[in-house]
Structures are given as C-alpha cells and as structure tokens.
Amino acid sequence: MAEHGHSDKFVYHEPGLQHQFSDMMQQEQSVSIGMWAFLAQEIMFFGGLFTAYLVFRSKYPMAFAAGSNRLDAFLGGTNTLVLIVSSLTMALTVYFAQKGNRHLQIIFILLTMLFGAAFLGIKAVEYHNKYVEGIVPVAGWNARAKAPAGAEREEAKPCWQAENLEGDNYVNPKGEFIWADCSLAKLAQDENFLTTAEKAGYFSNGQLDGDKFRDKVRIFFFLYFVMTGLHALHMIVGLVLMTWLLWTAFRGYYNADYYMPVEMSGLYWHFVDIVWIFLFPLLYLLGRHFVHAH
Amino acid sequence: MNAQEATAATSYGGGIPRINYLNAKTTLASWLLTKDHKRIAIMYLISVSVFFLIGGTFAATIRLELLTPASDLLETGTYNKVFTEHGIMMIFFFLIPSIPAVLGNFLIPIMIGAKDLALPRINLVSLYIYWIAGALALYGLMVGGVDTGWTFYTPYSTTFSNTYVEIVGIAIFINGFSSILTGLNFIVTIHTMRAPGMTWFRLPLFVWGHYAVSLVMVLGTPVIAITLLLVAIERFARVGIFDPAIGGDPILFQHLFWFYSHPAVYIMVLPGMGVVSELISNFSRKKIFGYEFIAFSSIAIAVFGFLVWGHHLFVSGQSPYAGMVFSFLTMVVAVPSAIKMFNWTATMYKGSIHFDTPMLYGLGFMGLFLIGGLTGLFLGALGLDVHLTDTYFVVAHFHYVMVGGQVVAYLGGLHYWWPKMTGRMYSEFWGKVSAMLVFVGFNLTFFPQFLLGYQGMPRRYAAYPPEFQVLNIFSTAGASVLGIGMLMPVIYFLHSLWWGKEAGDNPWLLPGLEWRTSSPPPTENFLTPPIVTWEPYEFGEGSGLELEAERRREAERAAV
C-alpha cells in the first residue's frame, strides 16, 4: 500500500492551491463559507453588546440621552464618512485585484489603510477628550485637577440646575467619573414621561438624586467605551490584514484567477464598517432632540 | 480503478501499514506544527483527558466531603471553589471539546472521504487557543481559584467574590474561540469537502450531529464570550452593567449567560447522539430506521435549543408570561430528542445485535439519556420547577444528560474507533467490565440525588441535615465505582498501544467509509480518493464489501 502513498507529488498544482483541496473552485467555496460563518459569529459577538445597550437604553432613556449629548457628533460623523469612503476604496481594491491590475490595487490598499488609520486617529482624539472631561467610566482614569487654592466653595445647587464641569471649572482631584447635570431627568419628570425603571433609578426619597443619575450615565459611557473599543480593535486587526495584503500584492501574488484573500479581507473590512454604521446612530444621535428642542 | 476495486484492495488487509499518520514523521515539531486533523485529534485526546482527570479529582473531593453531614473535610469556602472548578474544568475544558475536537476532528474528514478538514491551519490554531486558555484556567486555579459556581452569577461574581474571577473568566473567553473555530471548520468541511457520491443524505449521522453542533458553537459561543468579558471589565471598572446596587441588571446577565449556556448543553449532547446513532445501527447490523428524521432532529434540536434559555430563569424574576412560553418551548425541544430515541429502538428491532464494548456504552447511553431527558421535562414544567430549583434534582438531571449522555457516548465512540485511531484492539473483556462498572456506578451515584433533590436537599452546600446522609453515602459509594470504571480504559487503552492485537482495517466488519482505509490511516486518509456508490448503513450487497461472506469466514476461523 504504502508505495503509492506520495504519488501525487508529481501532479500539477495551481500555485495558490492548498494540499487538502482538489481544485481551486473547492478552495474558493471553502474559504468563502468559512468567512461568512466567521462574520455570523461576529454578529453574535456584537449582538450581546447591542442587547445590553438596548436593555439599558430602554430602562434609562434620559440618562442615555444625556450621555449621548456629550459625545462629539461632528467627530463621530466625520468618522462615519471616513469609513464609508474606506469601504469604497476597499471595494475598488478587490475590483482591481480581479482585473489583475497590481498598481491600482496597491494604491487602493494604501488609501484604505490611510482611511482606516484616520478613523483610529479621530477615535483617539475623542477618547482623549473624554479623558480631559472626566467622563471615562473607570475611577482614576481621568485627568486630575485640583480646585484652585482659595476658591470659594460654590453653594450646592440641585442637580437639575448644576452644570457639568468643563474647561477652567473642571475639578477632579482623584480622576473620578464626574457628572453633575441631571436636567434631562427633571424634564422627563415635569413632562411626565419617566419610565418605570427611571422612577426607581433616579430618585432618593422622592427627590431627584444626582449621584444615582450619574451612575446610569456611567453605564452609557461604559457601553460606549466597550462597544467602540471592540470596534477599534477590529479596525486594528483590519489594518494588520491590509498590511499583509499590501505585502502580498506587492510581491504579485494576485491575478485575475487568484484573488480570494483580497475578496475575503474585503468582506471583513465591510463588516467592520457596518458595525460602525449601527454604532454611530445608537451612541451619538439617539436622544439629541431632548436637548436641542428645549 | 473503480470504487469497489479500490475499497476491496484496502478493506480486509490485516496488520498495521508500514507508513501511517502516526509514524510518517516522528519529531516533536512534526506533531506540534502538524496540519493533519488526525494528529491534532490525538493531541486533543491527550489534553481533554488531562482536564477530565483534574475535573474528576474535584468530583471525588466533593463526594468525599458529602459523605458526612458536617463540613469536615473542606471548609465551606474551599468547598465552593472545589465545585466551581469541577464545573469549569468539566464543562468548558472537557465536555465541550470532548467528542467534537477528538472524535469529530479525527473522523469527519475520513467519513466524508476528504484528505483533511477544509481549514487545517485554523484547526491547529484552535488547539493552541485551547491550550492557552487551559493553561490560564489552571493558573487561576493554582493561585487561588474561583468560588462563583461555573455559572458566574452576578452580582456575586462582579462585586462580592474575592477570588480570581477575571483570570478564569478570560480563560473561558479565550477558550470560546477554540470552540468557534472548530465549529466553523466543520461547517465548511461538511459543505465543501465531501467526496464524489457522498451526498448530504449519504453522510453518516455522526456527521449530521456535528453539523448541528457546529451551528450552535458558531452562533452561541460568541455571546458567552462577550458576557464574560463584560463581567471581567465590570469587576475591573466597577460600573453597574450587572450589579443592581449601581443601576445594573443581574437578570440581563442570566439571559446572556443562558442564551449560550443552554444551547451549550446541546453542544454537550448532540455529538453524543451522533456517536450513538453510529453504534446502534452498526452493532445491530441493520440500516438505521428513519435516517432523515434523525438527521433533521439534530438540526431541530440545534434551532430550538436557542429558544429555551428562559427556563433557567423561572424563579429569577422573569415575567411569568415569558416563563410560560419558555416552558412550552422546552416541551417542544423534547420532541426531536424523543424521535431519536424511538428511531434507535426501532433500528434495534429485529437487528442482529452484537454486544461488543461500544454497543454496551451505546445501550447505556439510551438508558441514561432517557432518564436524563424525562427528568428535564420535570424541570421545564413551570410549577414543578419552583419546588425543584437549585436542589440535587437539578444536579442529578444534568449529570444524567452530560455524563450519562456525552461522557458515555464519548467512551463508546472511543472504544469503537480506537482500532481505527491506533491500529490496535483493546482487551474486549476489560472493556465490557468497564462499561458495566460505569453504568452501575453512574446510576448508584446519581439516582439517589434525584431523591435527595425531591426531598429538598439544596445544591452547592458543604453541609446538610443528617437525615440525608444515607442517600449521600450511596452516592459517594457509586462515585467510587464510577471512578474505577472510568480509570480502567486509561489502563487497557495504554496497554493496547504496545501489546494489543493488530486490529486490521475493518475489525467490526462494517460498511462505513472510515472502515475502508487502513488502521491507522495514512496521512492523506485514503491512498486512492474514494468515490461513494453506496447508501449509508448499507450492510447488504450494496455496500460493495462482502461483509456477510467475511463474517462467515471469520466464524469458521473461530470454530477451527
């Protein structure tokens, strides 16, 4: 028996063909099904987070609206635009790989990487702003600022008249998560649209409690950081993939007959874009009218 | 060369082939960097056995502690850690990978006539992920362990427990990706790697079971991954996603946890059902009854399995209307399981039943899974569950399904395919003895726990009222028998590696594709790529093998 064992070493193999497949068609189908199954897995992974978001948003809509309004919708919107354009350049990368045009393929990979890096850069600016404003939901992870010596201690105002401390007024000696303003809860109370969970969750002894409101806003920022953080991690993985694609494309691995890795990386890149397309309205846009209409 | 000649050439050849997947290369690197699914399966076999041994040691400790009503062997805090680690080791590091990663990995490509899994490198990556996760979990265990129970219920796990929840949580998070990648690989392989003629309805039911379980692995596991990640981050950041004291929602944790962990119990039984379908049909020498029904009942269990998680929350403050829906759906999921049981029984009817060791395990599975499944209906019933929640009744129920189901099926499958994996036969006598000991020991261990639970003994306590002692002594005695029964295969399997009789290609005289290559198979599985012309479980002429004639010759040889 054994003497027949390695007879297939003289059989012609197409260059990209792995040993376990009998032809390129089988390999392409396998890789494609594998990638789609992986993306289904990713949907379930983010799905758990989206579930947590939806549960807490429906429980504490005003706290989430308050948190949402502190996000920078301009930077978020810019990032959305950047990612959509990067999807276009990614699609063009795949297109030129299929056409066998190595030069344009490399150019569009570089452009895709540029937009991906721009996204991460803008994201880093946003994260830094949160750090400076004292709304990172981990104690000690915010910028520290002592109250100026001899400053008058302000009279304690009820939380719905308080303003969030920003700029020169920012005082945060221990780097805590700080949040003073609960005016949106007051608005909902006055106009009588508090949810059941809010009626229990914002009040102590029938009075609006700024600390309890702050805890709910902190949940928003926790979800914001986990969701955008995991998304950014996926972007970083995408950039690593792009670097590998760039190298292999540079070496001329791809042609009109063999471009599967490019197409699969493209699927991944588009998926990560789509996650952001959901994250942006959920985190940045929902609830803005509560502030801007009143 | 047509298929029949090809198989005839390789079917009855005795002895061990000069070059096979075990001795093709022998360096350590050739094992650690292999892309061969069979070698990866062997490495999984060794690894899961180690974790089974660790988990088993914890189980023995629990049973010893419960021998007496007072908490005398362990203090209560240590006891909490011991049962937690028993659960974590057994569920995440033994039961979930056991049949898929060992038997599935080894057999799926051979059964469908492929050279390897579709994504061999991913397969190796998943083994390494499993090792990393296992090492991290063991590290967490050495530095102090966890005491939350394997369920990690919040807010205890997020706020109050002073143990190593983050490390072990992250270990399980990492381990999840091993499971996801294995499932993904199986889905792709079953879709694209089938040999010519191997249509979907010619697949062995073992493969159908693995297709169903892969769907659950790919779609369920990411949810527990993100949940445990949230628990770990919440412990670190002190934000109230799950802790109600600062606005979180502990019921949300239970929903997310059981959204995976209920389907996960099907991960822990569907592959076992696949193995048993093979055993029952092959050792009855009869075409399986209702092939399509068994195949689709696996898929149905996988689908319905995603819709019943709420039955773990009947007393947790879930809406009673949701409870009613979940209770109903729980009854529905019993239907496909029952379809399997009836079809196996009908398969054996008028079959030529051979009581070899694997079949003893297969029959043991049917008996134990029947009890496990029926008591599941008790727990799925909305009213009765209030009485039984968190008692030993629950413990007995899920051990009947997981140990009586999956572990017994795993042992049966291991005995059945051992000659294929190693080329050697184990001692049939000791095999039968161990199968009997496992069955008797298992029932003696866990049946008393149904009674204890029904009488109200709660789970997860080191001490109990003295009136429960008699049944606990039965249980501990049974556990000793069970332990011996499960350790015996380790000895005679190892013995067989050196001194076992050479098995030959087809020791059981069966028609499946895996019996048409040499034992152990060559690295590329088949010397000539097979073409399938026969229906599944075809014992007659149609199989292209002269099984009857060979059986007669064997009987004559035995008579001489």
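**Chains A and B at a glance**

In chain A, take the contacts between residues at least 6 apart in sequence: 75% of them join residues at least 24 apart. Keep in mind that this is a predicted model.

**Chain A: make-up and shape**

- Chain A has 9 helices and 2 strands, and along the sequence they run α-α-α-α-α-α-β-β-α-α-α.
- With a radius of gyration of 26 Å, well over the 19 Å that the globule rule gives for 294 residues, chain A is more spread out than a compact globule.
- Along its principal axes, the C-alpha trace of chain A spans about 90 × 40 × 40 Å.
- As for burial, 35% of the 294 residues in chain A count as buried.

**Where chain B meets chain A**

- Chain B puts 38 residues into the contact, and chain A puts in 32 residues.
- On the chain B side, helices H7 (165–192), H8 (205–237) and H9 (250–267) each supply at least two residues.
- H8(B) gives the largest share of that side, with 10 residues.
- Sorted by class, the side of chain B that touches chain A has 26 nonpolar, 7 polar and 5 charged residues.

**A helix pair in chain B**

- Helix H3 (residues 37–65) and helix H4 (residues 76–111) of chain B have axes that come within 8 Å and cross at roughly 155°.
- That angle is over 145 degrees, so H3(B) and H4(B) are roughly antiparallel to each other.
- The crossing of H3(B) past H4(B) is left-handed.
- Their contact has 23 nonpolar, 6 polar and 3 charged residues.

Conventions. Residues numbered from 1 in each chain as written. Chains lettered and ligands numbered in written order. Predicted model: local features only at pLDDT ≥ 70, side-chain atom pairs only at ≥ 80, totals over all residues. Contact = placed C-beta atoms within 7 Å. Helix = DSSP H or I, 4+ residues; strand = E, 2+ residues; numbered from the N terminus. Nonpolar A, V, L, I, M, F, W, Y, C, P; charged D, E, K, R; others polar. Axes fitted to C-alpha atoms, helices over the stretch in contact; angles between N-to-C directions. Parallel < 35°, antiparallel > 145°, perpendicular 65-115°, else oblique. Left-handed = near helix turned anticlockwise from the far one by under 90°. Rg over C-alpha atoms; globule rule 2.2 N^0.38 Å. Buried ≥ 20, exposed ≤ 12 C-beta atoms within 10 Å, placed from the backbone.
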